[in-house]
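Please examine the sequence and the structure shown below.

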Amino acid sequence: MEEKIAKIISVLFHPLLVPSYTFFVLFNINSYISFIIPYSAKMLMISMVFITTCLFPLLFVFMMKRRGIVKSLQMNTREERVYPFSVTAIFYFLAYHLLKQLQISDVYYIFLLGSALLVIIALLINFYWKISIHMISMGGMLAAFIGISFRLEIELITIIALSVLISGAVGFARLRLSSHEPIQIYTGFLSGVLVMLLIFLL
């Protein structure tokens with residue numbers, strides 16, 4: 001039963017879905033950065049974020065699997081991760097540049113820039129060591145909410161607390177599935193937090 005729950009959590013909070021979740025939350029917070037954007041524009045932007053940061057990378061991973069570059073969608077080995085990570089980074093940078101052209105708060109595209117850099121960092125670390133991408137993404141999401149809270153001087157305590165709880169659940173899921181060792185979980189989470197916080201606060 002625990003293993004089944006762990007699989008569900010891992011799928012629900014797959015790293016490719018985290019940017020879309022983050023934007024959904026930001027579009028619904030009680031702040032001017034959300035109020036000034038019309039509903040139709042929000043739907044357009046979140047669709048663009050989902051397509052560029054989730055759908056397109058997934059399509060490329062499926063293509064790589066069919067060609068034998070990737071053995072499984074779980075990408076359990078470091079070697080399998082190189083090309084998918086590289087493609088994902090390109091699409092994340094594309095999303096960043098597309099959003100930067102719009103007249104919106106800079107926190108939106110700063111988050112995407114941070115996410116793209118985290119993918120690059122994960123790719124570089126992956127050449128030597130297997131790190132938890134799930135936890136890098138969760139750490140990045142948590143740090144984005146903390147950074148936005150400081151940057152815009154708005155209260156996001158509830159969202160931050162929920163992010164911590166979800167991060168803990170994802171960490172448990174990855175350990176329960178024996179996908180990573182504890183050090184890979186902790187290092188991934190701390191890397192995500194530190195890099196994203198630096199990008200928001202510098």
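This is a predicted model: local features need pLDDT of at least 70, side-chain atom pairs count only at pLDDT 80 or more; totals for chains, interfaces and linings use all residues.

Residues are numbered from 1 along each chain as its sequence is written, and side-chain values use heavy atoms, with hydrogens and water left out.

The largest nonpolar core has 57 residues, among which Phe23, Leu99, Tyr108, Leu112, Ile148 and Phe200 touch the most other members. Such a core is a set of buried Ala, Val, Leu, Ile, Met, Phe, Trp, Tyr and Cys residues joined through side-chain atoms within 4.5 Å. Buried here means under 20% relative accessible area, exposed means over 50%, and partly exposed lies in between (1.4 Å probe, protein chains only). At least two core residues come from each of α1 (2–12), α2 (18–26), α4 (39–66), α5 (78–100), α6 (106–126), α7 (133–152), α8 (157–176) and α9 (182–201). Helices (H or I, at least four residues) and strands (E, at least two) are DSSP runs, numbered from the N terminus. In soluble globular proteins, nonpolar side chains tend to be buried together.

Apart from neighbours within four places in sequence, Leu112 is in contact (heavy atoms within 4.5 Å) with Pro19, Phe23, Val49, Thr53, Tyr92, Ala95, Tyr96 and Leu99.

The whole structure holds eight aromatic pairs. Among them, Phe23 and Phe111 form a tilted pair, at 6.1 Å centre to centre and with 55° between the planes. This pair joins helix α2 to helix α6 across 88 residues of the chain. Rings of Phe, Tyr and Trp (its six-membered ring) pair if their centres lie within 6.5 Å; planes under 30 degrees apart count as stacked, over 60 as edge-to-face and the rest as tilted. Phe23 is buried, because its relative accessible area is 0%, and Phe111 is buried at 2%. Ring pairs link Phe23, Phe27, Tyr108 and Phe111 into a cluster.

The structure holds one salt bridge, a term for a side-chain nitrogen of Lys or Arg within 4 Å of a carboxyl oxygen of Asp or Glu. The side chains of Asp106 and Arg151 form this bridge, at 3.0 Å from N to O. Asp106 lies in helix α6 and Arg151 in helix α7, 45 residues apart. Asp106 is partly exposed at 25% relative accessibility, and Arg151 is partly exposed at 34%.

Leu152, in helix α7, is buried at 17% relative accessible area. Beyond neighbours within four places in sequence, Leu152 is in contact with Tyr32, Ile33 and Val107. Glu153, in the loop between α7 and α8, is exposed at 72%. Phi of Glu153 is near 55°, a positive value in a residue other than glycine. Ser178, in the loop between α8 and α9, likewise has a positive phi, near 60°, and is exposed at 63% relative accessibility.
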